[in-house]
Amino acid sequence: MDITRELFNILTIAGKDLRELKRSRIRLFTLIAMPLLMIMIFGYMFPSGGTTLNHLSVGIVQLDHGDEANAVTGKMIQMATASGTLDFSSFADIGEAKEALIEGRLKGILIVEPGFSDQIALGGRGSMRLIVDQTSPTVSMAVSSSITAILSEVSAQIANQGSQNPTMGAISLETESMVPGATSNTFEFMAPGFLAMSVMLGGMSGLASAISRERELGTLDGMMMSPISRYSVILGKAVSQTVRGLLQGLIMLGTTMILFGVRIYGNPILMLLILLLGVLGFVGIGIIATAVAGEQESATMILAMLQIPMMFLSGVMYPIEQLPWWMQMISKAIPLTYAITALRKVMVLGAPLAAITGELSILVIIAAVTITLAIPIFEWSTTK
Amino acid sequence: MIADIEVKGLAKYFNGFPALNHIDMTVYKGELFGLLGPNGAGKTTLLRVLTTLLRPSEGQATVGGYDVVKEASKVRTVIGAVSDKLIMYNLLSARENLRFFGRLYGLNGDLLEKRIDELLGLVELSSWQDKLVGTFSTGMRQRVNIVRALLQNPSILFLDEPTLGLDPQSQRFVKDLAKDLNQRGMTIVLTTHDMKEADELSQRIGIIDKGKIIACDTSSNLKKQHGVETLEEVFLSSTGRGLRDSANEKITTMRRWRGFA
C-alpha cells in the first residue's frame, strides 16, 4: 500500500467535503452556532458558583392561629424573604393550596397543624407538615432543606428568647408527597420529559427528513402535481409522523413502567391528548425548518440546532427554576416546556383536565400557528 | 387549430438569472410537440412551470385552458407528467404505487383497480404488479412511471426525457406508447436530447436556448429553413457548436444543494 497515495486520497476527499460545507451557508451557520449555543446553555445552567434554586413558592396553611403559631410563621416568612430562598404565601385551606400546587403555582405547602401553639406553650413539640411537589425531586428537596434550615433557626431564636427549649425538636416536621403514598423518584420526574421530548422532537425531525427525502427522490413532485390541496400533503405526512410518535411514546411508557417502576397517577387519555397537541406543534416547526433549509442535510442541521435548546431549556432533565431568569424566559417560548409540564402534572400528580388547560391552550395555539404558517411557506419553498 | 398550451412572455429568474427569458409558445390540441435544447437551455424549468411545480416570475401560461398560477389545481386535473426523476416508492409494489397516486386523483374502488389492470397490461407488467418496484430494472420502473402519469387519463402529457438511460427495447416501447397515446388524441410535450426520437415522434419542434424559443416549426420546415438534411444539423446550426455548461438547467437543484433559501 502506498501510504503517500492513501494520504493524498484521504485529504482529497476531506478537502471536497469541507469545500461543500464552505459553500452551504446554512450548514456553515449551524456549524458555528451549535457549539456556541451548547456551551452557553451548559455554562449558564451549571454556573461555576454552584447551582441554587431561589424564590421557590411555598404556601402556608395555618390550621392553628395561636400566638406561637403566628410568631413562628411570621419569623419564617421574614427569614425566607431576607434570604430569597422561599416565597411564602398564605392559603385559607389545604384544598386551595393543593390546587395551586397541581397547577404549578406552588412548589410546596407548609401546614401548621392544629394544636401547634398549645404544644409549644406546654414545652412540647409543635407539629408542621410539608407537602412537596414530587414532579421534581430536585425542587422538592430544595424546598424541604430550606424549610428545615429556616425552622432550625426559628427554633433557636425562640429558645433564645426563653420561650422554648433550644432544640430543633421543638418543632417537628413531617414531609409527604402530593399523591399519598408516592415517593419522590428522580426517574418519575424525568420520564414525562423524556416521553414528551422523544415523541415531539422525533415527530419534528421525522417529518422534516421524510419531506426532504421525498423532495430529493422526486416523489414529492408526484404529489404536488396531483389536484390535492397542500394541506392534504402536509397534514397527511403529519398524521403518519404523529402515529409513529405516539407508538414510540407508548413503547417508552410501557418500558418505564415495567422496568423502572414509573407509575401513572393521572388519566392516560389526557396524556395522549398532550402528546398529540405537542406533536402537531412540532410538526409545523419541522415543516418550516425543512422549507427554509431546502435539502436534507441542512434541514437536519437546523433541526439539531433547534433541538438542543429545547432539550435543555424545557425542563426535561433539570427543573426550569434552576435556570437563570433570562433562560427561563426562553424556556417559556418553547412548546416542549408546556407539554412536559402538563404531562408531568398528569402522570405524577394525577392532575385533571382543568389543571392543565393553560398548557393545553398554549399547545393548541402553537400547533395552529405553526401549521397555518407552515403550509404557505412550504408551498412557496417548493415553487419559488 | 385549438391551442392546448399557450405561453406568453413567460420568464423565470433564479437569483436574478433568467432561466426562462420571456418565452412565447403554443402547443395545439392533439399535437405531439418536441422541445429540444442544449443542457441548461431551460427545458425542465419550462416543464416545471407548465406542470405547476414552479411559479413563473413574469408572463402567463395556460394549460388545457387554465392559468398555471391562478388555476393551478384545475391544471393538475388535466395533466400527466413523466419527469426526469422516477416518481415512485421503492418499498411499494407497482400496484400499490399506482393505487396511491390514483387515489390522489380521486379514483377509487373497482374503477381504480380496473384502470390499474388496464395500464399494467398496457406496459406488460401485469405479472409484476405485486412485486416491490425497488426490485425492478430501470426500464420497468420507467414503464410504471409512465402509467402513473396516465392514471387519471390526462388530456395533456408532459414527457421529460422519457427514454433517457433506457435500453433500445424499452426506448422503442416508450416511443410507440407515446405515438399511440397521441394518435388517440392526447396532447404531448416531449423533451429529449435524441434528435432521431424528436424527428420521428414530433409533429412540430421548438428549439429552446438560453431561456428563449429560437425556432419553432415542423421538422421538415426547420430543415428547409436551415438548408440541412438532419434535425441534428438544424439543432447545431441554431444553438451553435460550442459546449454548454449546465448552470441554467441545474440551477434549481444547485440552489437546494447549496442551501440558498
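# Briefing on a predicted two-chain model

The secondary structure of chain B comes to 10 helices and 10 strands, where helices (H or I, at least four residues) and strands (E, at least two) are DSSP runs numbered from the N terminus. Chain A, by comparison, has 14 helices and five strands. This is a predicted model, in which local features need pLDDT of at least 70 and side-chain atom pairs count only at pLDDT 80 or more, while totals for chains, interfaces and linings use all residues. Residues are numbered from 1 along each chain as its sequence is written, and chains are lettered from A and ligands numbered from 1 in the order in which they are written.

**Confidence**

- The model scores ipTM 0.87 and pTM 0.73.
- Chain B has a mean pLDDT of 89, and 92% of its residues reach 70 or more; pLDDT is the predictor's confidence in each residue, from 0 to 100.
- Within chain B, confidence is highest in strand β5 (residues 66-67), at 97, and lowest in α10(B), at a mean of 45.
- Over residues 246-261 of chain B, pLDDT stays under 50, and the model has 35 contacts beyond four places in sequence for them. Two residues are in contact if their C-beta atoms, placed from the backbone, lie within 7 Å.
- Where pLDDT is low, the predicted coordinates should not be read in detail.

**Overall form of chain B**

- Chain B has a radius of gyration of 18 Å, which agrees with the value near 18 Å for a compact globule of 261 residues. The radius is taken over C-alpha atoms, and the globule rule is 2.2 Å times the number of residues to the power 0.38.
- Along the principal axes, the C-alpha atoms of chain B fill a box of roughly 50 × 45 × 40 Å.
- Of the 261 residues in chain B, 44% are buried. A residue is buried if 20 or more other C-beta atoms lie within 10 Å of its own, with C-beta atoms placed from the backbone.

**A sheet in chain B**

- Four strands of chain B form an open sheet in the order β2-β1-β4-β5, with antiparallel pairing. Its edge strands are β2 (17-28) and β5, each of which pairs on one side only.
- Strand β1 (residues 3-14) of chain B pairs with β2(B) in the antiparallel sense over eight bridges; two strands pair if DSSP finds at least two bridges between them.
- B:I5 stands opposite B:V27 in β2(B).

**Chain A and its domains**

- For chain A the radius of gyration is 27 Å, whereas a compact globule of 384 residues would have one near 21 Å.
- The C-alpha trace of chain A spans about 90 × 55 × 35 Å along its principal axes.
- Buried residues account for 42% of the 384 residues in chain A.
- Chain A is assigned domain 1 (56-177) and domain 2 (186-383), with bounds from an automatic or database domain assignment.
- The centres of domain 1 and domain 2 of chain A, taken over C-alpha atoms, are separated by 40 Å.
- In chain A, 10 residues of domain 1 are in contact with 11 residues of domain 2. Helix α6 (residues 137-160) of chain A gives the most to the domain 1 side, with three residues.

**Contact between the chains**

- The contact takes 23 residues from chain A and 24 residues from chain B.
- On the chain B side, α2 (72-78), α3 (94-104) and α10 (251-257) each supply at least two residues.

Conventions
Buried ≥ 20, exposed ≤ 12 C-beta atoms within 10 Å, placed from the backbone.
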